[in-house]
Amino acid sequence: MKSEYSVKITTVYGTGELSAKDEIRVKDFTSFTKVEELVKTGEEFRPEWMAELDVHNEKSENTDYKAYVFCTEDKEMFYTSSESLAESLVDIINLKDRLNASEDEWAVVINEFKSKNNTGGFYKAVVV
């Protein structure tokens, strides 16, 4: 029996393995806050890890797509489908240990940038 909807965690950045609880929660990512809310509020956070998901949804216009869930040090979870945001978060998460070792306080905000190639924009995580 083939499911009309499935989510597979393909990669986790910033931690060895997710706990069973986090794995279950991540697969139900639509219950988390969308990244757009962080863009609106300008809220600062410190990312702990990010999971890349392969989503299959027969009822979606695009039946196969990627989604990304990231968890902050405060254990809040957010999701996005923005590849540019995911790439910038991976860079930050990969350097997190060095950022934590620095004497300066640091945090991340998500900004929306205008695209030169189309009418929309794209998201990117920026260290502040």
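Biologist: Which strand does Thr80 lie in?

Modeller: This is a predicted model, where local features need pLDDT of at least 70, side-chain atom pairs count only at pLDDT 80 or more, and totals for chains, interfaces and linings use all residues. Residues are numbered from 1 along each chain as its sequence is written, and side-chain values use heavy atoms, with hydrogens and water left out. Strands here are DSSP runs of E, at least two residues, and helices are runs of H or I, at least four, both numbered from the N terminus. Thr80 falls within residues 77-80, which is strand β5.

Biologist: Does Thr80 count as buried or exposed?

Modeller: Buried means under 20% relative accessible area, exposed over 50% and partly exposed in between (1.4 Å probe, protein chains only). Thr80 comes out at 7% relative accessibility, so Thr80 counts as buried.

Biologist: Which residues does Thr80 touch, not counting those up to four places away in sequence?

Modeller: A contact needs heavy atoms within 4.5 Å. With that in hand, the residues touched by Thr80, leaving aside any up to four places away in sequence, are Val35, Ala67, Tyr68 and Leu85.

Biologist: Where does the backbone nitrogen of Ser82 lie relative to the side chain of Thr80?

Modeller: Look at the polar atom of the Thr80 side chain. From there to the backbone nitrogen of Ser82 the distance is 3.0 Å.

Biologist: And how many helices and strands does the protein chain have?

Modeller: From the N terminus, the order reads β-α-β-α-β-β-β-α-α-β-β. That comes to four helices and seven strands.

Methods:
Polar contact = N/O pair within 3.5 Å; in protein donor to acceptor, adjacent residues only side chain to side chain.
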